[in-house]
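The model is a predicted one.

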Amino acid sequence: MKTLRQRCNAIELLIVDVDGVLTSGGIVYASPEGEIKEFHVRDGSGLHLWRRAGKRTGLITGRSSPLIERRAAEVGISWVMQGAVEKLPAYQRMLAEAGVGDEAVCYVGDDVPDVPLLRRCGLAVAVADACPDVRAVAHYITQAPGGRGAVRETVELILRCQQRWKDEG
């Protein structure tokens, strides 16, 4: 059985879900056919720090939205896979493109579609308000809920374990 520190030390690729992880999970529709998503600035800051540490990031989501592409570009996410109703094939494709194995991946999720990925990756993270099925398979459960800094908390955890965290930002 690996310790949390051992799991963190192996991580090179961070993959996150969007709704419920990068956002609080709420979806607001506006007329005509507009969608509004709220992203937390600390999660964006954490993703910038992750990239500055030489790490790569991907996201896999079952929904599709131009807002996701925009946010991914702003925070330097390398792989964006939208419309992935079945997330496992998208996960496998991303790992093949990145040239890493499951042990080098941290996946952050919140709901049942994330469970197959959480069971495979090296570090399975559930946001604080994740459903019970996700919390049950997680190696780590964040203090912050989805959309409120959970990704930033995960980045800091991993980089501190790897002794790559710099307090001065």
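## A strand covered on both faces

Strand 1 is covered on both of its faces, with Leu13 and Ile15 buried on one side and Leu14 and Val16 buried on the other. In a regular strand, side chains alternate between the two faces of the sheet.

Strands of a sheet pair through backbone hydrogen bonds, either parallel or antiparallel.

Strand 1, which covers residues 13-16, pairs in the parallel sense with strand 4 (residues 56-60) over 4 bridges, and strand 1 is also joined by 4 bridges to strand 6 (residues 105-109), again running parallel. Leu13 takes part in both pairings: its bridge partner in strand 4 is Arg56, while in strand 6 Leu13 stands opposite Val105.

## The cavity

Rolling a probe the size of a water molecule over the atoms shows where empty space is left. With a threshold of 30 Å³ or more, the count comes to 1 cavity, and the largest cavity has a volume of about 40 Å³.

Which residues line the largest cavity? The lining consists of Leu22, Phe39, His40, Asp43, Gly44, Leu47, Arg71 and Val75, and by class it holds 4 nonpolar, 2 polar and 2 charged residues. Helix 2 (41-52) and helix 3 (66-75) each supply at least two residues of this lining, and helix 2 gives the most, with 3 residues.

## The largest pocket

The largest pocket has a volume of about 160 Å³. Its lining is made up of Asp17, Asp19, Thr61, Gly62, Arg63, Ala84, Val85, Lys87, Asp110, Asp111, Pro113 and Asp114. Sorted by class, the lining of the largest pocket has 3 nonpolar, 2 polar and 7 charged residues; among the residues that line this pocket are Arg63 and Lys87, as well as Asp17, Asp19, Asp110, Asp111 and Asp114.

## Aromatic rings

A pair of aromatic rings is described by the distance of the centres and the angle of the planes. A search of the whole structure finds 0 aromatic pairs. A contact between a charge and a ring is found, however, at Trp50: the charged end of Lys55 sits over the Trp50 ring, 5.7 Å from its centre.

Technical notes: Residues numbered from 1 in each chain as written. Predicted model: local features only at pLDDT ≥ 70, side-chain atom pairs only at ≥ 80, totals over all residues. Heavy atoms only, no water. Pairing = 2+ DSSP bridges. 1 Å grid on protein atoms, 1.4 Å probe; cavity = no way out; pocket = protein on both sides within 12 Å on 5 of 7 lines; lining within 4 Å. Points joined across faces, edges and corners; volume = space filled by probe spheres on them. Nonpolar A, V, L, I, M, F, W, Y, C, P; charged D, E, K, R; others polar. Phe/Tyr/Trp six-rings, centres within 6.5 Å; stacked < 30°, edge-to-face > 60°. Lys NZ or Arg CZ within 6 Å of the ring centre and 35° of its normal. Buried < 20%, exposed > 50% of the residue type's maximum accessible area, 1.4 Å probe, protein only.
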